[in-house]
Amino acid sequence: MAINRDCLGREYRAAQPYEVTRGKIREFAGAINDPNPLYTDVDAAKAAGHRDVVAPPTFPIIMGMDAAAQAAVDPELGLDFSLVVHGQQSFRYSRPLQAGDVVDNVTRITEVKNLGATEMITLETDISTVEGEHVVTSVNMLVVRGDAAKDRA
């Protein structure tokens, strides 16, 4: 089943704000095996000019995964998640995420294209504080393997 191009621009909103905590940052840094003290030591983070510990640059992927899960079960989109491979990930930061941030996120389908029998769908997640300050945009491109593009023929 091909991805429904009529869903281009569709948005998926997080059910509730996400609170960035020191504990979540420490766990994520441990999971990626990054010992940078800016992620775990408040004094080191403050000495570097931050108000608290900062999250590793790839931390926002947690919030993007929630939206990808919403898209995966959207029956109108037609995404067969069993055929999905993560293709590319990038981040556009306005400033680092820090412990104490409470953020909202909105994910939007920004591109759907095909390359032969493969389809690619790009999801962009804008992450902003609940006060409206943009922090980061996470861009996630998924590759849908198979012959789904044949359905459009």
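Visitor: What makes strands β4 and β5 count as joined?

Guide: Strand β4 (residues 102-115) runs antiparallel to β5, and twelve bridges join them. Two strands pair if DSSP finds at least two bridges between them, so twelve qualifies. One spot to look at is Asp104, which stands opposite Ser128 in β5. By the way, this is a predicted model, where local features need pLDDT of at least 70 and side-chain atom pairs need 80 or more, while totals for chains, interfaces and linings use all residues. Residues are numbered from 1 along each chain as its sequence is written, and side-chain values use heavy atoms, leaving out hydrogens and water.

Visitor: Which other strand pairs with β5?

Guide: That's β6 (residues 134-144), antiparallel to β5 over ten bridges. Here Ile127 stands opposite Val136. In the hairpin of these two strands, with four residues between them, Gly132 has a positive phi near 105°.

Visitor: Why is Gln98 called buried?

Guide: Gln98 has a relative accessible area of 8%. Buried means under 20%, exposed over 50%, and partly exposed in between (1.4 Å probe, protein chains only), so Gln98 is buried. You'll find Gln98 in the loop between β3 (84-93) and β4.

Visitor: What makes Gln98 and Arg51 a polar contact?

Guide: A polar atom of the Gln98 side chain lies 3.1 Å from the backbone nitrogen of Arg51. The rule asks for N or O atoms within 3.5 Å; within protein, one must be able to donate a hydrogen and the other to accept it, and residues adjacent in sequence count only if both atoms are side-chain atoms. So 3.1 Å is inside the 3.5 Å limit.

Visitor: How do you know that the buried residues of α1 line one face?

Guide: In α1 (residues 22-31), those are Ile25, Phe28 and Ala29. Seen down the helix axis, they fall within an arc of 100°, so they line one face. The arc is that of the directions from the axis to the C-beta atoms. These buried residues pack against α3 (61-72), whereas Arg26, Glu27, Gly30 and Ala31, on the other side, are exposed.

Key
Contact means heavy atoms within 4.5 Å.
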